[in-house]
Amino acid sequence: MEKYVDGFLLPVPKANIEAYRKMAQTAQTVWLEHGALDYRECVAQDIDNEGAGSFSAAASAREGETVVFAWITYASKAERDRINAKVMADPRLASPGCEDVFDIKRMCWGGFTTLVGN
């Protein structure tokens, strides 16, 4: 059966990367405890290459911001839906503060079936 992946792309102020890392570490723990197969958060290093589209542009990153590319892997879409329901009810993620770290309205996310890979 093909796996299911939620993907994310978002701009984060460079000054907030450490605060974002702490939030992401908590989120990783929660998602994995509830059954996600993999949870990754990556910060941009080499993303705007000549002759190709720009991650900075795709994320609408402004001066002083960097780009985070992240994904969570699940066994299936049904598992993703089950796990996300538990995650959203988990009190560890209920604490306020994400709006102080990044603008969630500028985050892009979506669900994907795997085309290649295991």
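Reader: Which residue is the bridge partner of P13 in β3?

Author: Welcome! This is a predicted model, and in it P13 has E65 as its bridge partner in β3.

Reader: What makes β1 and β3 count as paired strands?

Author: Two strands pair if at least two bridges are found between them. Here 10 bridges join β1, residues 4-13, to β3, residues 65-74, and the two run antiparallel, so they count as a pair.

Reader: What makes β1 and β4 a pair?

Author: The cut-off is again at least two bridges.

Reader: Is β1 mostly covered or mostly open, and how do you know?

Author: β1 is mostly covered, as 9 of its 10 residues are buried. Buried here means under 20% relative accessible area.

Reader: How do you know that the length of α3 agrees with what a helix should span?

Author: At 1.5 Å a residue, the 13 residues of α3 should span 18 Å. The end C-alpha atoms of α3 are 19 Å apart, which agrees.

Reader: What makes you say that the buried residues of α3 line one face?

Author: The buried residues are R80, I83, N84 and V87. Seen down the axis of α3, they fall within an arc of 105 degrees, so they line one face of the helix. They pack against β1, α1, β3 and β4. The face turned away from that buried side carries the exposed residues A78 and A89.

Reader: How many aromatic pairs does a search of the whole structure find?

Author: The search finds 4 aromatic pairs.

Reader: Why is the pair of F55 and F69 called by the name it has?

Author: Two rings pair if their centres lie within 6.5 Å, and planes over 60 degrees apart count as edge-to-face. The centres of F55 and F69 are 5.9 Å apart and their planes stand at 70 degrees, so this pair is edge-to-face. The pair links distant parts of the chain: F55 is in helix α2 (residues 55-58) and F69 in strand β3, 14 residues apart.

Reader: Are F55 and F69 buried, exposed or in between?

Author: Between under 20% for buried and over 50% for exposed lies the partly exposed class. F55 has 37% relative accessibility, so F55 is partly exposed. F69 has 38%, which makes F69 partly exposed too.

Reader: What kind of pair do F69 and W71 make, and why?

Author: Their ring centres are 5.4 Å apart and their planes are at 50 degrees, so the pair is tilted. W71 is partly exposed, at 26% relative accessibility. Ring pairs link F55, F69 and W71 into a cluster.

Reader: Where is D48, and what does D48 touch?

Author: D48 sits in the loop between β2 and α2. Not counting residues up to four places away in sequence, D48 touches S54, F55 and S56. With 43% relative accessibility, D48 counts as partly exposed.

Reader: What stands out about the phi of S60?

Author: Most residues other than glycine have a negative phi. The phi of S60 is near 55 degrees, a positive value in a residue other than glycine. S60 lies in the loop between α2 and β3, and a relative accessible area of 46% makes S60 partly exposed.

Terms used:
Residues are numbered from 1 along each chain as its sequence is written. This is a predicted model: local features need pLDDT of at least 70, side-chain atom pairs count only at pLDDT 80 or more; totals for chains, interfaces and linings use all residues. Side-chain values use heavy atoms; hydrogens and water are left out. Helices (H or I, at least four residues) and strands (E, at least two) are DSSP runs, numbered from the N terminus. Rings of Phe, Tyr and Trp (its six-membered ring) pair if their centres lie within 6.5 Å; planes under 30 degrees apart count as stacked, over 60 as edge-to-face and the rest as tilted. Buried means under 20% relative accessible area, exposed over 50%, partly exposed in between (1.4 Å probe, protein chains only). The expected span of a helix is 1.5 Å times one less than its number of residues. The arc is that of the directions from the helix axis to the C-beta atoms. Contact means heavy atoms within 4.5 Å.
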